[in-house]
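Below is a short briefing on how the parts of one model meet. The sequence and structure come before the notes.

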There are 4 protein chains.
Amino acid sequence: MAQFPDELLNGYRNFMNGRYVEESDRYQSLAKEGQKPKAMVVACCDSRAAPETIFDCGPGELFVVRNVANLVPPYEPDGNYHSTSAALEFAVQGLKIRDIVVMGHGRCGGISAALAPSSEPLSPGDFIGKWMGMLDGPAEQIRSAGILTAAERQRALERVSVRNSLQNLRTFPCVKILEDAGKMRLHGAWFDISTGELWIMDSASGDFIRPKF
Amino acid sequence: MAQFPDELLNGYRNFMNGRYVEESDRYQSLAKEGQKPKAMVVACCDSRAAPETIFDCGPGELFVVRNVANLVPPYEPDGNYHSTSAALEFAVQGLKIRDIVVMGHGRCGGISAALAPSSEPLSPGDFIGKWMGMLDGPAEQIRSAGILTAAERQRALERVSVRNSLQNLRTFPCVKILEDAGKMRLHGAWFDISTGELWIMDSASGDFIRPKF
Amino acid sequence: MAQFPDELLNGYRNFMNGRYVEESDRYQSLAKEGQKPKAMVVACCDSRAAPETIFDCGPGELFVVRNVANLVPPYEPDGNYHSTSAALEFAVQGLKIRDIVVMGHGRCGGISAALAPSSEPLSPGDFIGKWMGMLDGPAEQIRSAGILTAAERQRALERVSVRNSLQNLRTFPCVKILEDAGKMRLHGAWFDISTGELWIMDSASGDFIRPKF
Amino acid sequence: MAQFPDELLNGYRNFMNGRYVEESDRYQSLAKEGQKPKAMVVACCDSRAAPETIFDCGPGELFVVRNVANLVPPYEPDGNYHSTSAALEFAVQGLKIRDIVVMGHGRCGGISAALAPSSEPLSPGDFIGKWMGMLDGPAEQIRSAGILTAAERQRALERVSVRNSLQNLRTFPCVKILEDAGKMRLHGAWFDISTGELWIMDSASGDFIRPKF
């Protein structure tokens, strides 16, 4: 039988003896009154890009979706399971969250895969290939710019992908209506794993710039 | 144009002036050498149940999928986008992760929705309704147990759902093969938001128990 | 008759009363013994990107070519005037300089022009159009990546252009021979006018990274 | 792989810790609003004659072309690359600069080469020989004046060359038209590396005189 990983149990003990002690009131209040997160973040599964760490957020502050390459698929009201769309609906309609951040990051494995479509799929089901297929058009454009280095193509698509997800967010009627009414704000961000830099997307131009403090 | 939320920017500044200072070498090394997370965690989007917080994990330690109610759908090798399956493929085949934790939690909004299927959908697309439809069978069973309190039914389905996701994980050939070969371990856990208690699933019985330290 | 600009005369007076006083010995020695600059820099004419300022260099330290967009044309041993090739020959063969830096910069007007080739030429002679024509191939590739923002395309071509010039440098037999023999080093750099950041090109990958101090 | 020269990196650090700190607002404003340099200077690549140093100019003040011996070729609207003509077009038509300074200097290596045409070319391509060929007529005249010392011939051709470039500037229609209309001013100057003296060309006579303060 599988033994729960010791490292995780040790980590949990640290949590209980440390952070939870200080924040037990907050946890109890959050349990009683429900969550009221200040923002929804669509982030990547990557172990180096946890939103709570990067934004130094405590319990109750961020509603977080994490999938490979922090993608938001377009609105597709069919009968299938839509993980990200369900989270979006819950955040916007259920929790009334009005700030949504799509946060990409450097060295994203999903983006790498999108840029190397002809490589062998990781498994016969090729779920990564299909999932990243959402970026087929943009990836093709970036691949054609062979004059860019591999790293430059990677970073370019990481940022294009954030803009693409923001556009897909706007295909959801509730998002579109709320944003047009000035009641919802969509944000793009990109985190540099190596340097810790956070780049914020300028919503007018789509460019990513480093915020000044 | 949308202004990036001040609270997040302030949080990021705390991160850069605090944690990042201590861990910059680690971030740089993780960027250079790639991530080698010790486990994959399938967790809920809920703002009160961030795995990195609960397991006190630093950068590079956990590969994290977060969707509503921490569900893993069954293996469906069709042409659709499968967010969670893509993440699983990346974790198992790409990163060679061998411990997967499905972590549920108390007061889960998705589970509440599954237990109240006839309520008004949150939006016309009813993405939550469809997503939680993955639990239709178990939810129907729990609802029929009218003798349980609402809170008991909720907690029951939260735990049933973890077991259900673990079973779905085993429908993926790579998981099944590796687990049967003794090379992969699947784990269940449930976090009590109010008390901070972590309950671990006994893999033989499927019961949830509190670990002793 | 044209009066020499007062601002320049005032600036020169500042120089004579300030820097020259401190460095008169150095100037006299440089006049007597000739220049032995440590590096050649190919930079842009842009008033915001003077190499001596950015590298804090004094008299005698940098041999500097400045043309629009800091381009190096390929080796063309014909009968025409070749401003940049002449400077290169003088630096390498005459002064025995062994480090050559091609330094691009942000918001480069020449690069902007290369990305907008169909716009009206600045004059009937269209010298900018012809000069930037050296980048026609790369510019076409970058323009095709319409998914990038205008600023992203601009920065991409600014960096591609540095790599292009470095490649053109290697078409000069003397550069090729010396570099192959390990006696010459070619470097790329890119200066961000707005933030003052200097990005250095990694010679292996061609990527631009910020140096650590 | 080539390591970026330490001396330049150290210089850049001095810049960032020194001058940039004081002028960061100016750099940011120049990036945002574009450059509006007060003059264009055609100067030599020589490491001892940087215009920004001699005129004590800060970022954004001088648009600078630097080639061997600060030459301006005549107007040649053919299909070739014309580095200096492109810069001139950009300065006059793009930036609307109305003061152009051609600045020669003492001990100029290019002028020396022009005065010793029968010496061995620096390389088989003989780019210096061809570039300085622009001065063939004047150089021949000066060489014939065998009564002058070598240093006198050198200084004479350095100044003749400035006048020659000013005449070539006037072969560009835009320069001619603007100057005739009183909207553009052309200036000559000559810098003595050894003593720091700046000599200004009297535009009526073509003589070089030391300005009085």
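**Interfaces between chains and between domains**

A:Arg66 and B:Glu52 form a salt bridge whose closest N and O atoms are 2.7 Å apart; the term denotes a side-chain nitrogen of Lys or Arg within 4 Å of a carboxyl oxygen of Asp or Glu. The model is predicted, so local features need pLDDT of at least 70 and side-chain atom pairs pLDDT 80 or more, while totals for chains, interfaces and linings use all residues. Residues are numbered from 1 along each chain as written, chains are lettered from A in the order written, and side-chain values use heavy atoms, without hydrogens or water.

**Chain B with chain A**
- In all, 4 salt bridges are found across this interface.
- Polar contacts (N or O atoms within 3.5 Å; within protein, one able to donate a hydrogen and the other to accept it, with residues adjacent in sequence counting only if both atoms are side-chain atoms) join 33 residue pairs, both at pLDDT 80 or more.
- Contact (heavy atoms within 4.5 Å) involves 100 residues of chain B and 99 residues of chain A.
- The two chains bury about 8,300 Å², 66% of it on carbon and sulfur atoms; buried area is the accessible area (1.4 Å probe) lost by two parts on being put together, summed over both.
- B:Tyr81, B:Glu89 and B:Phe127 supply 10% of the area that chain B buries against chain A, more than any other three residues.

**Domains of chain A**
- An automatic or database domain assignment divides chain A into domain 1 (1-33) and domain 2 (35-209).
- Their C-alpha centres lie 29 Å apart.
- Between these domains, about 440 Å² is buried.
- The rule finds 0 salt bridges between them.
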